[in-house]
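Reader: I am new to reading structures. Please take one part and walk me through it closely, then show me how the rest is put together.

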Amino acid sequence: GFSELKPRPPLVLILWWVFSFGLVSFSVLVYVVRLLGFRELPYRLPEPDIVDVVSLPLLVLFCCRCCCRPLSHGELERPLLLRKENDDDSSFNNASIWSQLTFQWLNPLFEKGRIEKLELHHIPSVPESETADNASLLLEESIRKQKTKSTSLPKAITGTVWKSLAINAVFAGLNTSASYIGPFLISNFVNFLTQKDDSSSYHYGLVLAFIFFLSKTVESLTQRLWYFGAHRIGIRVRAALTVLIYKKSLSTKFVGPSNGKVINLINVDAERIGDFCWYIHGVWLLPIQVFLALVILYWNLGAAPSVAAVFATILVMVSNTPLANRQERLHSKIMEAKDSRIKVTSETLKSMRVLKLHSWEPTFLNKLLQLRETERNWLKKYLYTCSAVAFLFWASPTLVSVITFGVCILLETPLTSGTVLSALATFRILQEPIYNLPELISMIAQTKVSFDRIQEFLGEEDQRKFITSSGPKESGVAVKIEAGEYAWDSSSQSLKNPTIKITEKMKIMEGYKIAICGSVGSGKSSLLCSILGEIPRISGAVIKVYGKKAYVPQRPWVQTGTIRENILFGKDMDDAFYERVLEACALNQDIEMWDNKD
């Protein structure tokens, strides 16, 4: 594609922007001072023009549009030059600040999707920072930096994504601040509407309406950026944990956890930790939201109703604590029951041929139904607890408002239409943190369970080690076997009688074909498994393997596809080498007998 040109604005234009921005900012400051009621000051403030105040956002947007968005060569020379199909100017990486703020970088994709069906090559490529490889490398590096014996997985994840979390926290804070501007100023706006016509307050009403519009615009934009950033962080965390769990499962394949637990760790626990990125800012936003709501109530209603609102809010929040603890316990029971059910289901499906030969289907079906019933009972109790939490959510705004206005009536606090509307709007916003509290507590409890499960899984001692040597290679040596003992489990009985015991050093040279001969049960397959690292080593030195290794087990395994695809196994077709493989395996005669050959 064409390289982008970034023309600099002339100095005169920059000075004009600075002067205009300063003048308009001063006008806004004057209006804010007058808006807050400081009308009598020791010095006289100039009368600002309402046009200056309204033109502030237009000036800011104009500056962002001209300064932040670089002009591409294709835009400067559009009539003469055509844009290439592969030119990915709309991708997220190349988007300007204005394009990222308004998500304009998605417009070319939407335009193409309106004209034709979208294919994979139409979608912009994923940035390098969002790939699973990059995320897993950063997480592994963060884990290695922890010098303590017991690594903390939450601390490692935080160390990986703290920059993105900080930027996302800024958007979350701006969104929360902008959402409370409306309830704070609504009483002033209602009082302005109920006044008699006064030409001097005309500008005052326009400023209020403009502030409402600006605050809702900022709230909408920051909410979109907040959610989009949280979603990106969640995907990165989930991808990194999935890779970490997969790599760990390779080293605990035979004597480690069951396949059902590994599947749950990836599909349930890793996904839940990724989803927690949506809720993580609620931990510090919740007290700020409650504090801002109480400040508005104190400003409009006074101290006593505010204290009553605090009491009602604390009452609702405290009521959620035992429910949250019960949710955590029940969720742990559900996950344990789910692990058992998936494990038995997986084993049943793998052994279906044996079950059908012996007509054991009803017996194993009853066992599966019993496990499903156990899981259903725990799930039923969990959903009943969630129902109680939902009841508190819908009842909390009404409870808080009834207690607050009841105290106002008892203390004969004057209530105007402006203060009542402001209080109701505050209660409406206060409903969100009250609603989010039980959900936040429940999510924290579930995430803690998921963290503990993954932490326990990652903290288990590897049952086999990767044995590819990274040290200096000896000349002509492919495999170097040292004396040692290997056993499938680490029990005391196995330590006394290991599965295989290697007493002499062995070296397998490059280019050699080695055959291991022996009677049934003499340890031929165990020797191969020890070289692969499948059998845990209980004593002796590590077996060193230089280069790549491939293992063909005694049980045949065929992937879905043609014979040719099974032979190539994902590699490119080399006709000469392919024919040599067919001849070496004596497959030519078999292939000739088939109608469609290979």
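Author: In this predicted model, the crossing of H6 and H7 is right-handed. Helix H6 covers residues 132–145, and helix H7 covers residues 153–179. Their axes come within 8 Å and cross at roughly 125°. Angles over 145 degrees count as roughly antiparallel, and 65 to 115 as roughly perpendicular.

Which residues of H6 and H7 make the contact? From H6 come Leu138, Leu139, Ser142 and Ile143. From H7 come Leu153, Lys155, Ala156, Ile157, Gly159 and Thr160. Sort these residues by type, and you get six nonpolar, three polar and one charged.

The UniProt record, an unreviewed entry, places the feature "transmembrane region" at several stretches, including residues 165–186. In the model, residues 165–186 are 95% helix and 0% strand.

Next, take another helix pair. Helix H12 spans residues 303–350, and helix H14 spans residues 361–410. Their axes come within 9 Å and cross at roughly 170°. Over 145 degrees counts as roughly antiparallel, so that term applies to H12 and H14. The residues of their contact divide into 26 nonpolar, eleven polar and eight charged.

Last, the strands. What is the strand order in the open sheet? The order is E3-E2-E5. The sheet has three strands, and the pairing is antiparallel. Strand E3 (500–502) and strand E5 (537–540) stand at the edges. Each has a single partner strand, so one side of each is left without a neighbour in the sheet. From one strand to the next, the twist averages 10°.

Look at one pairing in detail. Strand E2 takes in residues 484–486. E2 and E5 pair in the antiparallel sense over three bridges. Where is the bridge partner of Glu485 in E5? That partner is Ser539.

Key
Residues are numbered from 1 along each chain as its sequence is written. This is a predicted model: local features need pLDDT of at least 70, side-chain atom pairs count only at pLDDT 80 or more; totals for chains, interfaces and linings use all residues. Side-chain values use heavy atoms; hydrogens and water are left out. Axes are lines fitted to C-alpha atoms, for helices over the stretch in contact, and angles run from 0 to 180 degrees between N-to-C directions. Helices (H or I, at least four residues) and strands (E, at least two) are DSSP runs, numbered from the N terminus. A crossing is left-handed if the near helix is turned anticlockwise from the far one by less than a right angle, and right-handed if clockwise. Contact means heavy atoms within 4.5 Å. Ala, Val, Leu, Ile, Met, Phe, Trp, Tyr, Cys and Pro count as nonpolar, Asp, Glu, Lys and Arg as charged, and the others, Gly among them, as polar. Two strands pair if DSSP finds at least two bridges between them. UniProt positions are given in the numbering used here, feature names are shortened, and annotations may be inferred rather than shown by experiment. Angles under 35 degrees count as roughly parallel, over 145 as roughly antiparallel, 65 to 115 as roughly perpendicular and the rest as oblique.
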